[in-house]
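Subject: Structure handover

Hello,

Here is the structure I said I would pass on. Please open it and keep it beside you as you read.

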Amino acid sequence: MQHGNAFQIIAYHSRIYAPDGNVLNTYRDHYDRLAIGFDHTRGTLEDQTITEDQARDLINEDLAWLLERIVPLIDGAVLFENQWNALMSFAHSMKFSDFAQTTVVARIRCRRLADVGAEMMKHVEHDARALRLLMRRRESEVALWSMA
């Protein structure tokens with residue numbers, strides 16, 4: 001699977017969260033995690049600065065890491081490219097252990113793909129309050145998912 005479109009979607013969302021759209025310095029994501037580049041969180045340090053090339057390398061590593069874990073998790077479900085891109089963006093926006101427990105994954109495993117968008121929209125809160133930016137991200141992912 002190519003990561004091009006998933007990269008573009010995540011990069012777009014990342015620039016929304018980052019202060020002034022600057023993703024080359026650390027920022028706090030919608031879950032208040034320290035992030036850099038295009039929503040990269042693993043190993044990110046306070047006051048870190050990277051280059052655009054490093055940001056691209058990190059997102060490509062993140063997407064490869066995610067894909068390796070998502071494929072067996074969804075138990076052979078066949079998804080269209082837009083659905084893959086939406087799912088990768090959704091998964092990339094949260095801790096993988098949380099993603100793996102979502103009803104989104106459960107619906108895909110049960111082949112109830114028409115229910116996935118509604119399940120994605122259940123993940124718009126942090127600390128019991130809905131976040132406008134996270135809601136916009138989910139709406140974007142659901143729209144992409146529905147284009148299949």
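**What turned up**

Start with helix α3. Its buried residues are Gln 83, Trp 84, Asn 85, Ala 86, Leu 87, Met 88, Ser 89, Phe 90, Ala 91 and His 92. That makes 10 of the 12 residues of α3 buried, so the helix is largely enclosed by the rest of the structure. Glu 81 is also found in α3. With 48% relative accessibility, Glu 81 counts as partly exposed. Arg 112 is 31 residues from Glu 81 in sequence, and their C-alpha atoms are 17 Å apart in space. The helix covers residues 81-92 and reaches 16 Å from its first C-alpha to its last, close to the 16 Å expected.

The protein chain averages a pLDDT of 89, and 97% of the residues score at least 70. Confidence is highest in α5, at 98, and lowest in strand β4 (residues 129-130), at a mean of 70. Where pLDDT is low, the predicted coordinates should not be read in detail.

**Helix α2**

Next, look at α2, residues 52-73. This helix has 22 residues and reaches 31 Å from first C-alpha to last, close to the expected 32 Å. Which residues of α2 are buried? They are Ala 55, Leu 58, Ile 59, Asp 62, Leu 63, Leu 66, Leu 67, Ile 70 and Leu 73. Just after α2, Asp 75 takes a positive phi of about 55°.

**Aromatic rings**

How many aromatic pairs does a search of the whole structure find? It finds four. One of them is Trp 65 with Phe 96, an edge-to-face pair at 5.6 Å centre to centre, with 85° between the planes. Trp 65 lies in α2 and Phe 96 in helix α4 (residues 96-100), so the pair ties together parts that are 31 residues apart in sequence. Trp 65 is partly exposed, at 27% relative accessible area.

Phe 96 and Phe 99 form a tilted pair: 5.6 Å centre to centre, 45° between the planes. Both lie in α4, three residues apart, about one turn of the helix. Phe 99 is buried, with a relative accessible area of 0%. Ring pairs link Trp 65, Phe 90, Phe 96 and Phe 99 into a cluster.

**Salt bridges**

The structure holds 11 salt bridges. A few deserve a look.

- Asp 29 and Arg 33 meet through their side chains at 2.7 Å, N to O. Asp 29 is buried, at 6% relative accessibility. Arg 33 is buried as well, at 18%.
- Glu 119 and Arg 107 meet at 3.6 Å, N to O. This pair links distant parts of the chain: Glu 119 is in helix α6 (residues 116-120) and Arg 107 in helix α5 (residues 103-109), 12 residues apart. Glu 119 is buried, at 7% relative accessible area. Arg 107 is buried too, at 18%.
- Glu 119 also meets Lys 122, at 3.0 Å, N to O. Is Lys 122 buried or exposed? At 56% relative accessibility, Lys 122 counts as exposed.
- Asp 39, Arg 137, Arg 138 and Glu 141 are linked in a network of salt bridges.

Best wishes

Technical notes. Residues numbered from 1 in each chain as written. Predicted model: local features only at pLDDT ≥ 70, side-chain atom pairs only at ≥ 80, totals over all residues. Heavy atoms only, no water. Helix = DSSP H or I, 4+ residues; strand = E, 2+ residues; numbered from the N terminus. Expected span 1.5 Å × (residues − 1). Buried < 20%, exposed > 50% of the residue type's maximum accessible area, 1.4 Å probe, protein only. Salt bridge = Lys/Arg side-chain N within 4 Å of Asp/Glu carboxyl O. pLDDT = per-residue confidence, 0-100. Phe/Tyr/Trp six-rings, centres within 6.5 Å; stacked < 30°, edge-to-face > 60°.
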